[in-house]
Amino acid sequence: MAEEITIQVGFGDQFHDLTVRLQDGDIPPWQPDQPLDVVGQRKPRLDAVAKVTGTAKFSQDQRPDRLIHGRILRSPHGNAEILAVDLTAARKMPGVRAALTVPDTFEDSSARYAGAEVAAIAADTEQQADAAMRAIQVDYQLKEHCVTIDASMAEGAPQVGRGDQENVQRVSPRTRGRRRGQNSNPDADRQVVEQMARREKEVDAILAGSDSVVEGTFRTQVQTHAPLETHGAVCSWEDGRLVCWASTQATFGFRGEMTSDWGQVKAGECRVLSEYVGGGFGSKFSAGREGVIGALLAKEAAVPVKMMLDRAGEQTSAGNRPDSLQKMRMGVNKDGIIQALQIRSWGTPGSGIGGAGAHNDGIYKLGEIDKVEYGVRTNCGGAKAHRAPGWPQGSVALEQMMDMAAHSIGGLDPIEFRKRNDDHPIRGAEYDIARQRIGWDLPRVRGGAAPICRGVGIASNLWFSAGGGGASVLVRISKDGAVEVRNGAQDIGTGTRTVMAMVAAEELGITLEMVSTRIGDTNDPQGPMSGGSTTIGTLTPAARLAAHHAKKELLAVVAERKGWDPADLDLRKAKVIRNDGSDTGLSFKDACSLMDDDAIEVLKARPRRNYAGFSDTNAGVQAAEVEVDMETGVVRVKKMVAVADAGKLINPMTAESQVRGGVIQGVSFALHERRIMDRHKGRMLNDDLENYKILGSVDCPEIDVVLIDVYNGKSNTQVMGLGEPPIVATAAAVANAVADAIGVRVFELPITPRRVLEAIALQETPVVQPKKKGARL
């Protein structure tokens, strides 16, 4: 029966009581006055030595016996139909063991972008596979293409999609009842259009009555994921059972695709192994065509096949963050309160329209909102979830609008303006921390007043990452005192195996060094995909719960052998103690040796529901300081302050690492990253890591991470995920800092020297330009 308890939730000096009803079998969250020996300590990753010494084996490193190599032939054309693929000559090439065509395998003869899969080969050596690829004969029907948002939106543009698909399609507000692939319902569409017109009229009236209206048009470019380890897998069939060493963010999802009756592989059994994953950033939830192709080639060849994408394939076909075109108007009153926000935005997620949106209508109290979003089809590789999907590009526009609105009402301080329009309890404190740590109020040469100018900028983020049900963790205590924690989910570099072990060690009253973690094997208990920053919030409550019940079983054994009351016993500092703190003289290993069986094994699932908690979201604030050379246009980010809330901090060291990684990726998005397309041939020109520019160590700023320890109360560990929130605000803070430094705003990312110099020369749309009425969007 569920137990009702009162817990303390909050942070710093802001705590209050909260009554929660524990779900059956769950245990109370840790409390502020509860001493913790392992949780909250700075601990190196358990896999740190393996990674720096090269003993960690990624999918790329797997070398099963008789391994052969797979290659994928890709279309060189911007838009085409595949009329025929002839593998005859390729199959006769030396070393070739297996081959397939994409039209036959996936029943898809379209090649809507340069880089689309056409056929695949598996051969004994990489050189033989490459030679066989050149022997494949393909007959294409070429079509016109559009590879940029402007080209696709232009009047008379070639059709990107097929059938009655239009290049530009509204994705929000959506028509109710319309499903993917179905024709629209004219009556339902008409109702939505009428509602949109009414909403636009209402917000137009509010804007007209506002004391100040600011407007802006913002652009962000396509950002590829560029993980160090590309997509793919090493696939082997063993006695009819498929084994995949996969670079994936979803071990169980990958297995599901391989065994699904609706898929191409239809394996009766499949084991997925992903002990180490070289990054994913949201792009590796699916097995992808490369995973399916690898499995099918291995089946035909009857030997293991390594099918890992090359860098060009990774850059063109493995996903990206869509670009955005965002037009916004914001109305504020003279007291600095936002009255209304009007948004029209477009995004290009490839030849489809899913994932085109930008999250530019959240975080703050924005008054009445009129928002319409459109997906724009282009002949480019499709989008996939990319660390905080939709948020960085939305933040770039919204946060610049916030600064512009603040300046439009008498030059109100941008931080103060945000405070007036933000009621998040944690972020309110974070603004003050960021202001102090970045030196917001220090004098600087700014506004383009000298050859070298400095400026500061601010931006905010939030996320929703308390985790959820559907995962179980096994805790095993052996007779020799060894403790093992097991789950089949993957650790994509976030430190999952370490925090799982820390939670178990804390509950068992032992040191972290006494715990080993096994992760990334679908033979182990069900685990979540690594998405939405929910992994830690999903797995740690299950790990703590399993460790708690394993401890109870161990103490019951001790009590029976010693004639003690089990209710009077606990484990602390690797010893069996009594509840009054007195030592029984029995160590943890001594206690384990009293077991009759070889081990105690406990499997526990995470409770599915989260508790009300202190806050449904975790908050963050980032501040940037930049230096701009007014003569060359070069922008250098000198310092980033990132204040972050991750709920209850399990390991500050890995949490800081997540924040630093997000900030680095965000600065890179702000200053460097963009996909460059050849508009004439339809090809990506920078499909390697030499020409696709990513922030390097020389340009990396000082990153000052401040973590807020919040007893959130959402679960028994109270932790909130931190993988995605840190990237949301970074580029926006940098953009605001650049505007502060040079005295004019750069409305398009990346903020290259050319764009800086053009903005300075043209002096378009000053930062401070109040308007009573703006043009309709």
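Helix H6 covers residues 186-208, so count 23 residues here, and its first C-alpha lies 33 Å from its last, close to the 33 Å expected at 1.5 Å a residue. Bear in mind that this is a predicted model.

**Exercise 1.** Find which residues of H6 are buried, and say which strands they pack against.

*Solution.* Start by picking out the buried positions: Ala188, Asp189, Val192, Met196, Glu200, Val203, Asp204 and Leu207. Next, recall that an α-helix has 3.6 residues a turn, so residues three or four places apart point the same way. Finally, look at what sits against the buried residues of H6: strands E9 (168-172), E10 (212-220), E17 (323-332), E18 (338-348) and E19 (368-376).

**Exercise 2.** Work out how H7 and H8 cross, and which residues meet there.

*Solution.* First take the axes: those of H7 (residues 251-259) and H8 (residues 288-301) come within 11 Å and cross at roughly 55°. That angle makes H7 oblique to H8. Then check the hand, and you'll find the crossing of H7 and H8 is right-handed. Now for the residues: H7 brings Phe254, Glu257 and Met258, which meet Gly288, Gly291, Val292 and Ala295 of H8. Sorted by class, this H7 and H8 contact has four nonpolar, two polar and one charged residues.

**Exercise 3.** Track down what Arg311 touches beyond its neighbours within four places in sequence.

*Solution.* Begin in helix H9 (residues 311-317), where Arg311 lies.

Conventions
Residues numbered from 1 in each chain as written. Predicted model: local features only at pLDDT ≥ 70, side-chain atom pairs only at ≥ 80, totals over all residues. Heavy atoms only, no water. Axes fitted to C-alpha atoms, helices over the stretch in contact; angles between N-to-C directions. Helix = DSSP H or I, 4+ residues; strand = E, 2+ residues; numbered from the N terminus. Parallel < 35°, antiparallel > 145°, perpendicular 65-115°, else oblique. Left-handed = near helix turned anticlockwise from the far one by under 90°. Contact = heavy atoms within 4.5 Å. Nonpolar A, V, L, I, M, F, W, Y, C, P; charged D, E, K, R; others polar. Expected span 1.5 Å × (residues − 1). Buried < 20%, exposed > 50% of the residue type's maximum accessible area, 1.4 Å probe, protein only.
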